[in-house]
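Dear colleague,

Please find below the structure that I am handing over to you, followed by an account of what was found in it.

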Amino acid sequence: MKSVFLWSLLLVSSGLTGQSSLSLQGVVTCQHNDPLPGAVVHIESLGMGTVTEEDGAFQIKNIPSGKYLVEVSFLGYEPWLREIDINEQMPLHISLQREDHSLNEVVVEGTYRSILNREDSRSVAVVDRKFIADNRSGSLMQTLRRLPGISSIDIGSGQSKPLIRGLGFDRVVVAENGVAHQGQQWGADHGLEIDQYGIENVEVIKGPASLMYGSGAIGGVIDMRSFSIPGQNSSGVAVDLTGRSNNQSIGGSVALFKRWNHLFLRARVSAVDYADYRVPADSIEYYSYYFQLKDGAMRNTAGYENNGNLALGWTSDKFMTRLTVSQLNAKSGFFANAHGLEIRTSSIDYDRSSRTIDLPYQQVRHRKVTSNTTISPGAHQIRINAGWQHNRREEFSEAVAHGYMPKPPDNLERWFQKETRSVNVRWKIPEIGRHNLTVGGDVEHQVNEIDGWGFIIPAFQSTESGLFIHDKVFLTPPWVVNAGIRYDFSRIQIEPHRDWFVSPRENGEEYILRAPDVDRDFSFVSWALGVNYHQERSFFKLNFGNGFRMPLPKELAANGMNYHMYRYEEGDINLSPEVSWQLDAAVGHEWNFFGFEINPFVTWFPNYIYLGPEGGYEQGLQRFKYQNNEVFRTGGELMMQYRISDRLKSALESEYVYSRQMTGDKEGFTLPFSPPWTTDFSLEYSHPFFRSFENLILRGEYRLVAAQNEIVPPENKTPGYGLTSILAGASRQVGAAQINWRFQMRNLFNVRYLDHTSFYRLIEAPGPGRNFIVSMSVSF
């Protein structure tokens, strides 16, 4: 029925005509009256928008008469939001004010598009809701893979976690509306609990960002924003629908907003249901055992996800506050052959249905309450972001005896419950001469409880806090200097844990101590210094700084079987904090029809925390232990665009990462999950008005992935491959409704390939086969 409704809506909309006759035009400048080229001007209710020219001018044509909420945004500046009467036909002069911590921006809409004004020395990519809609995948992190330097560890077709330049897990901070997202993200099989339908734009910081975000940002930051403030006395409804052929996925979301004078309300409900995903293979060989796949389906990889959130806020000229409450519920199966090989002895009929979720599976509930407040006394600005999160994860497996462990009494292998309280404050001080100072601090407290018959991480409490000061100095144009320093203090307390069963030892039987009693403090001073040069269409920047990461409880006190990864893992309570030193550079230029940007980086870790294999086995599984090693990393991204005509453009985006362990048992090897050299080629045709359609886009893409021969055992070398994808999309005004749709075909030729950063690469499982994706959004 959902498919019938989707196609019916498409057919009906194609037979109707929109109404358009007026235009919106004007100019966007900064507070010093300098033009802002590349600022985004957007009319949300119509789904129409544009980007300002070099002189800051913009024009949106063929708008139906009436009043509309217009939003203007430019990274590093406060967004401008007003209700405009299009009937008046008056040119607008919009002046944007700088934010407390501006970030450099590259706006990416499927391909590299333009290089905008630079005020920050780090490498930052920014995408909007159009990019997310054009590249929508099974999860938000899979969607962001389209960005150079970004990859993901995929767990089936519905779960994933980000990698930035090959670094992930707790080395990347994922934040939503100013609050760091906290769950059980330490494992490769633990995805992020994020509703991608609710994300409006994303900023990705590549490289150490500890200065603003603290300990976990040693590899980078993914900062998501949602819930923009509606225009005064406005209301609206938006419906999103998505379907995928490969895993028979059906997803949708309904959002509404309402604003009175100062009070506003936003709400969203989303749901996704998907079956086992399919690969172009009939069987998989692992440990000399052949897994037969019925109809190419990765059995027991089905799942579902339900999300709901509500935001209530108040806004005025000098004060804005917003309270957001959200909950995500998800359940997904693990590939039946990838968890202790139970299928060889299991009585479960995994092939009876592609939508049934059998053992083993995981179930997650993530509750979140966040508060965002901005106070503007005079020329000062104070931002306060606070959050409470409650994350519960349950992992179920068949009750099977392992080693000395007898058959468990139930199927609950692991149970985690993490409660997180956090607050961060940013105080923007009025400009003092050429200086723009920002002072801030943050504190976060976590309590994590455990249960179940399987042990992998201990129960713990941790507190992290930090203070920083950042100065942006506007020298003689076109030079800008960024400098900052931060002090972090952290404490972690680990509760002792023993097995629930006895094991034989030299002196008899005992309940083995899996986690000792640990109480450790950590402190660190980090800093960064960078310089930017930007003049007309050329820019150059250089940034040097360091980052810090407190060891995880798992790294300090793990001591047990990880059947998900087929290994025995052991922590080290004497690990030192992880530190990185990184040099980033960027250079770029734009001509009338051609533009390029190069972002090289060099990183040195004197004490990278690494889970390395050791000699010996424990109950049939190889022993791995956490250790500090010296690691050298380098690489970068290249982005080029050639505009063939006003409506046809081509682009090339390439990324490369090189990692080498300089000390330890695996000296000379790379790091796990190191992404291979990847290059994307694309050709895109766009037309603002094509017959009865608007914003027509046609795009072809070819992703070339080199072989990954730089591995660390037990990884295997991964051969190279090429994938072809196509995209077609358009929009249409139908009465009061704006309809946008997208058609995608991923892996057009059904190529059999191995994704080196996939969770299931370890068992030689190929990536998903051909996938036809259709999505539609309707806003009123």
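This is a predicted model: local features need pLDDT of at least 70, side-chain atom pairs count only at pLDDT 80 or more; totals for chains, interfaces and linings use all residues.

Glu 637 forms a salt bridge with Lys 206, and the closest N and O atoms of the pair are 3.6 Å apart. Glu 637 belongs to strand E41 (residues 621–643) and Lys 206 to strand E16, so that distant parts of the chain, 431 residues apart, are linked. Lys 206 has a relative accessible area of 4%, which means that this partner is buried as well.

Other salt bridges

The count of salt bridges in the model comes to 34. One of them joins Arg 393 to Glu 193, with 3.1 Å between the closest N and O atoms. Here too the partners come from distant parts of the chain: Arg 393 lies in strand E26 (residues 381–396), while Glu 193 is in the loop between strand E15 (179–180) and strand E16 (201–206), 200 residues apart. Both Arg 393 and Glu 193 are buried.

A further salt bridge pairs Lys 649 with Glu 684, the closest N and O atoms being 3.9 Å apart. Because Lys 649 is in strand E42 (residues 648–661) and Glu 684 in strand E43 (residues 678–690), the pair ties together parts that are 35 residues apart in sequence. Lys 649 and Glu 684 are both buried. They also take part in a network of salt bridges that links Arg 146, Lys 649, Glu 653, Glu 684, Arg 699 and Glu 701.

Nonpolar cores

The largest nonpolar core has 23 residues, and those that touch the most other members are Leu 24, Val 28, Ile 63, Val 70, Val 72, Ile 94 and Leu 96. At least two residues of this core come from each of strands E1 (22–30), E2 (40–43), E4 (57–63), E5 (67–73), E6 (80–85) and E7 (92–96). Strand E1 gives the most, with 4 residues. A second, separate core is made up of 20 residues, including Val 279, Ala 281, Phe 334 and Ile 763.

Strand E13 (167–168), helix H5 (553–557), strand E40 (594–618) and strand E41 each give two or more residues to the lining. The largest share, 5 residues, comes from strand E40. By residue class, the lining divides into 26 nonpolar, 9 polar and 11 charged.

Another residue of strand E41

Glu 630 is also found in strand E41. At 27% relative accessibility, Glu 630 counts as partly exposed. Apart from its neighbours within four places in sequence, Glu 630 is in contact with Trp 604, Phe 605, Pro 606, Arg 660, Gln 661, Met 662 and Thr 663. From Glu 630 to Gly 243 the C-alpha to C-alpha separation is 46 Å, and the two are 387 residues apart in sequence.

With kind regards

Definitions and conventions:
Residues are numbered from 1 along each chain as its sequence is written. Side-chain values use heavy atoms; hydrogens and water are left out. A nonpolar core is a set of buried Ala, Val, Leu, Ile, Met, Phe, Trp, Tyr and Cys residues joined through side-chain atoms within 4.5 Å. Buried means under 20% relative accessible area, exposed over 50%, partly exposed in between (1.4 Å probe, protein chains only). A salt bridge is a side-chain nitrogen of Lys or Arg within 4 Å of a carboxyl oxygen of Asp or Glu. Ala, Val, Leu, Ile, Met, Phe, Trp, Tyr, Cys and Pro count as nonpolar, Asp, Glu, Lys and Arg as charged, and the others, Gly among them, as polar. Contact means heavy atoms within 4.5 Å.
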